[in-house]
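Please read the following report alongside the sequence and the coordinates.

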Amino acid sequence: MPVVEDFIRDHLVPDLPTLQQWTVEDRCRFNSMALVSRLNDDVLLKIFMLNTFRGYEDSPPPSCTIRRISQVCQKWREFTLQSPMIWAASLNFEDPSPWIKEALSRAGSVPLNLTWRGYVGWAASLSTIYDDRLDLFLSLIHRSRVMYANIKTSQWNSVMQNLTLPAPDLRSFSLHLGFADKEYILPETLFNGHAPQFRILNLTGCSCRLSSPIFRNLTSLSVDKVASDFGQWLPALSGMPDLETLKITLTHFWERRPEGAPAPPPTVVLPRLQCIALMGTMSACSMVFTHVEFPSDCGIDLVCYDTAPDNHFYCMTSTLERILGSIKPINRKKDLYVMNAEATLGFTNGVYLSEGNRILSFQCHYLPDELGINITALFPPLLSLLRIAGSEVKTLCLSLNEEVGCIKGQFLAELLLSFQKVETLHIPNTLSFERLQLAMADNLQGEGQYPFFPALGSLSLNSIYFYQETDACHLQDLISRLFSVGRPLRSLEMFHCDGIDREAVEKIMQLGVAVSSDGKKISFEGAM
């Protein structure tokens, strides 16, 4: 049998028969000379710290992972025991109390990452067992670097009493209050006004007033129930020059400035803002959005309810048009999702997954016509926006399955004429296909100076059911007409589509179109 040193030189991992022949000394020597045992401490620390990150539903918890890491080999055990920040970052208050205290002992005086997941699932029946752990959790908040807590309204006062001590190392504070039955606002004495490292604030089910100086250095602010004090918020935002992310849900209190409250500044300048997300009534969103100035490449996500063709709507759309118009065509997004469905009209310019937050998303939720709102009056300003947003778009998804107040006729024609560079068209439902097929057929019938989708090369159909044979014939006829006017379609992709027969597919393929179904290319004998 070769010596261990020779084996390591010639092999990366021993096979089982060889390993079974080794003595304990051989195995220890192999472990000590293995590449993983020769990693520098700083590399090990980065790897182990990555294992302390935990999403809300992830399993196993970091504390379990770190315990296992510390038991792999002697070097790793010695290293973890000598690295208090690993234990400080992997605390789990679902562990038994003795282990939590042991982990705290190993963490020493290092700032802590605290997560209280609350009474969810099976834990709901164990509230009395968890009480002592919650008390321990709350007593450590002033030592935290990162804190997340999911609490009940009955625990609000206890938690607030523990937010009065200075928190010199706190960087991120997240509080989720479940089933809030009234307005809950953080105390103005939060951390006794001393949290110099404080950068990230996330509140759900509760709110805060931004008068405290500890908020001035925030880089991320997310609040889903903004307090009703309109006079304080915008001036306070103007004092946050480092803010990069602003996400707020505006309550109805924002629709009207309280009597006697100071008027907001003409403009709040946020020079480093990368993402602004507002949700609320159109009047409230417009009131805030039109008072904030930010860089042209900032991501925008607007969800506006109770939309009507009024001054708030026109002010919002004109502001968006100015922002879109300031972006050079070469820098505009190349993909667009347009939706007119379920009393919603809007679009998303850019894809979240591929382009991060730097997108423009604008959704208007309106009331049906029978309630007295003229929905068609919303179309012209939005079409004006889409003409700019769609000028460089190459990939387009159109969902037009609204029953009441749908875009049709001349408005639909104007919409489709906005996309002169689209190469790939996605149609996500049957009603959208029917409406687009009719509109495109009419346009092809009178083919002239203004064709729809002149650069179209690929058509993608998703979840479309061809109820009758004529429906498939309409698809076949549409593609044939594109060929007849010198605009051949290269490919047809179908996902979860039903009702189209083999004959229709064969005729489409005979035109030279590559057809696939659910990701698989279709090939028939005799087809091109």
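## An enclosed helix

Helix α15, which spans residues 379-389, is largely enclosed by the rest of the structure, because nine of its 11 residues are buried. The buried positions of α15 are F379, P381, L382, L383, S384, L385, L386, I388 and A389.

The surroundings of these residues include both helices and strands: the buried residues of α15 pack against the helices α13 (311-325) and α16 (409-416), and also against the strands β11 (335-341), β12 (344-349) and β13 (360-366).

## The packing of α12 on α13

On the α12 side the contact is made by M282, S283, C285, S286 and F289, while α13 contributes H312, F313, C315, M316, T319, L320 and I323. By residue class, the contact of α12 with α13 comprises eight nonpolar and four polar residues, with no charged ones.

## The packing of α4 on α6

The contact involves D41, L44, L45 and F48 of α4, together with K75, W76, F79 and T80 of α6. The residues of this contact divide into five nonpolar, one polar and two charged.

L50 also belongs to helix α4, and with a relative accessibility of 65% it counts as exposed, because the cut-off for that class is over 50%. Between L50 and I86 there are 36 residues of sequence separation, and their C-alpha atoms are 9.6 Å apart in space.

## Confidence of the model

The protein chain has a mean pLDDT of 81, and 82% of its residues reach 70 or more. Two stretches call for particular care. Over residues 1-5 the pLDDT stays under 50, and the model has 10 contacts for this stretch beyond four places in sequence. Residues 352-357 also have pLDDT below 50, with 10 contacts in the model beyond near neighbours in sequence. Where pLDDT is low, the predicted coordinates should not be read in detail.

Note on methods
Residues numbered from 1 in each chain as written. Predicted model: local features only at pLDDT ≥ 70, side-chain atom pairs only at ≥ 80, totals over all residues. Heavy atoms only, no water. pLDDT = per-residue confidence, 0-100. Contact = heavy atoms within 4.5 Å. Buried < 20%, exposed > 50% of the residue type's maximum accessible area, 1.4 Å probe, protein only. Helix = DSSP H or I, 4+ residues; strand = E, 2+ residues; numbered from the N terminus. Nonpolar A, V, L, I, M, F, W, Y, C, P; charged D, E, K, R; others polar.
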